[in-house]
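Me: I've got a new model to look at. Can you walk me through the fold?
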Amino acid sequence: MKSGDLVKLCERNYPQYKGMCGIIFHCHHPALGASDRRSFWKVFINNKRHPYSVCASNIEPVAGPLDNLLVEE
């Protein structure tokens with residue numbers, strides 16, 4: 001995972017965000033590596049930043065960085 005990835009949060013631990021997508025934007029434990037399941041991320045979801053960092057084990061990637069989703073005509 002990397003900043004800008006589109007994600008969903010674990011519905012069991014974050015039921016208030018069920019069915020919503022968010023964007024991760026800052027890894028709190030870069031020494032572990034961004035893809036390590038023990039790293040923590042800041043998440044922008046439901047039009048606001050989630051107040052706490054979220055453990056990567058509770059984050060499910062949906063797509064890569066949003067730049068890849070833009071279609072040029």
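Reply: Along the sequence the chain reads β-β-β-β-β-β. That is six strands and zero helices. Helices (H or I, at least four residues) and strands (E, at least two) are DSSP runs, numbered from the N terminus.

Me: What are the ground rules here?
Reply: This is a predicted model: local features need pLDDT of at least 70, side-chain atom pairs count only at pLDDT 80 or more, and totals for chains, interfaces and linings use all residues. Residues are numbered from 1 along each chain as its sequence is written, and side-chain values use heavy atoms, with hydrogens and water left out.

Me: Where is confidence lowest, and where is it highest?
Reply: Lowest in strand S6 (residues 59-65), with a mean of 76. Highest in strand S4 (residues 48-49), at 94. The chain average is a pLDDT of 81 (the predictor's confidence in each residue, from 0 to 100). At least 70 is reached by 73% of the residues.

Me: OK, pairing. What does S2 pair with?
Reply: S2 (residues 22-27) pairs with S1 (residues 5-9), antiparallel, over two bridges. S2 also pairs with S3 (residues 40-45), antiparallel, over five bridges. Pairing requires at least two bridges found by DSSP between two strands.

Me: Switching topic. How much of the chain is buried?
Reply: 29% of the 73 residues. Buried means under 20% relative accessible area (1.4 Å probe, protein chains only).

Me: And what share of contacts comes from residues 24 or more positions apart?
Reply: 41% of the contacts with a separation of 6 or more. A contact is heavy atoms within 4.5 Å.

Technical notes: Buried means under 20% relative accessible area, exposed over 50%, partly exposed in between (1.4 Å probe, protein chains only).
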